[in-house]
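Thanks for coming, everyone. Please look at the sequence and the structure first, then I'll walk through a few sites.

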Amino acid sequence: MTKAERTAQAREKARLIREAQLKKEKRNSWLIRGGVLAAAVAIVVIIALVVIQTQKGNEPIASSGPVPANANAYGGVTVGKNGAVVPPATTEKTVDTSKVPAQPTAAATAVADPATIGIKASASGKPAQVVMYLDFMCPACNNFEKTFGAGLDTLRNEGKITVEYRPLPFLDRFSSGTNYSSRSAAAAACVVDQSPDKFKAYLDSLYANQPAENSKGLDNATLEKLATEAGAASITSCVDAKTYRPFVAYTGALGAAAGINATPTLFVDGKQWDPKKVQDFSTFINGILAARK
C-alpha cells in the first residue's frame, strides 16, 4: 500500500471508531434517560400507593358493627387460668357509637359509677375481677405489663383473679395519621373472635413489638403476621375489612363517657387503683384479695 492509501485507511478506521463511540454514547444516554424515567415512574407509583393506603386507612368508620365472639360489649376480653378466655357475660351482638352516653365536659379524676361499664365486685367464692384499660401504643401500659404481668398471671393460674383486657383507641392522635391504636385493638378483636386461646399470646406480642409514640406504628401486614406467629388463624380478611373498628370506636367512647381518660386504668373487684394513694399495684391488689377472705 502506498503512503496515501495507508493514510486513507487510518482515517477510515478512525471514522468508524468515532461513529461507534458516538452510537455507544447515544445508546448510554437513552439508557440513562430511560432509567431516570423508570425511577421517576416508580417513585410516583410508590407515592400513589402510600396516598391510597393512607386514604383507605382514614376512611370513615361505620357507626355500628359486630361484637367479636368471646368479648363483651364493654370492649373486654376476660382471661382466666392458663390463658383461657372466659365467656362474656354480656349478650349484645352489635354496638352503635350513636348510642354512647354524652362525653364528660371536664376531665374526670375517677370513674364515678364503674357498674355502668360492667365493673363490680365478684360474687363470694368467685375469682376477683381485674379490669385493665390499655392502649397498645401506650409505653406506660407496656411498663405495667413488664412490672406486674407475671404476678397477675400467677394469681390467674391460682384461680384468685380473672384479668379483663379492654384495648382503647386513645393514642390514635400519636400515630402520624395511621390510627395505630384503633388498628391494633381491632386486630386483637379479630384474634379473640377466631382464635380466643391465642389472645393473650397476641397481646404479649403486640407489647413486645410496640412502636414508639408519634410513629406510624406497625402496618396491617405486620399486625397480621404477628397474629399468625402467635398461633392464631389468619386475620387478614378481618383486618382488611375493618370488621371490628366500629367495636373499638364504640368501646373507646363508652369508656371515655364513664370517665376513663388515661391508660393504663385498672380496677380490682370494683375498686379503681389510684397510684397517688397506693403507688404499688401489688400492694393494692393483695390488700383487696386479703380482705375478700
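**Helix, core, cavity and disulfide**

Let me start in helix α2, residues 139–157, where phenylalanine 144 has its place. Helices here are DSSP runs of H or I with at least four residues, strands are E runs of at least two, and both are numbered from the N terminus.

Ground rules next. This is a predicted model, where local features need pLDDT of at least 70, side-chain atom pairs count only at pLDDT 80 or more, and totals for chains, interfaces and linings use all residues. Residues are numbered from 1 along each chain as its sequence is written, and side-chain values use heavy atoms, with hydrogens and water left out.

Back to phenylalanine 144. Is it buried or exposed? Buried, because its relative accessibility is 5%. The cut-offs: buried is under 20% relative accessible area, exposed is over 50%, partly exposed is in between, with a 1.4 Å probe and protein chains only. Beyond four places in sequence, phenylalanine 144 contacts Met132, Gly149, Leu152, Pro264, Leu266, Trp273 and Phe281. Contact means heavy atoms within 4.5 Å.

Now a strand. Glutamine 129 lies in β5, residues 128–134. Glutamine 129 counts as buried because its relative accessibility is 13%. Leaving out residues up to four places away, glutamine 129 touches, among others, Lys120, Thr162, Glu164, Phe267 and Asp269.

On to the core. In soluble globular proteins, nonpolar side chains tend to be buried together. A nonpolar core here is a set of buried Ala, Val, Leu, Ile, Met, Phe, Trp, Tyr and Cys residues joined through side-chain atoms within 4.5 Å. The largest such core has 69 residues. Which of them touch the most other members? Ile161, Phe199, Tyr202, Phe281 and Ile285 do. Helix α3, residues 180–194, gives this core its largest share, nine residues. Take isoleucine 161: beyond four places in sequence, it touches Pro127, Ala128, Val130, Leu152, Leu155, Arg156, Ile285 and Leu289.

How many cavities of 30 Å³ or more does the structure hold? One. A cavity is a set of points on a 1 Å grid over the protein atoms alone where a 1.4 Å probe fits but cannot get out; lining residues have an atom within 4 Å of a point. The largest cavity has a volume of about 80 Å³. Volume is the space filled by probe spheres set on the points, which are joined across faces, edges and corners. Its lining includes Ala71, Pro167, Phe199 and Thr251. Helix α3 gives the largest share of that lining, four residues. By class, the lining has 10 nonpolar, two polar and no charged residues. Nonpolar means Ala, Val, Leu, Ile, Met, Phe, Trp, Tyr, Cys and Pro; charged means Asp, Glu, Lys and Arg; the others, Gly among them, are polar.

Last, the sulfurs. The structure holds one disulfide, meaning a pair of cysteine sulfur atoms within 2.5 Å. It joins cysteine 190 to cysteine 238, S to S 2.0 Å. The pair links distant parts of the chain, 48 residues apart: cysteine 190 is in helix α3, cysteine 238 in helix α6, residues 236–240. The S-S torsion is about -85°, so the disulfide is left-handed. Cysteine 190 is buried at 2% relative accessibility, and cysteine 238 is buried at 5%.

Conventions
1 Å grid on protein atoms, 1.4 Å probe; cavity = no way out; pocket = protein on both sides within 12 Å on 5 of 7 lines; lining within 4 Å.
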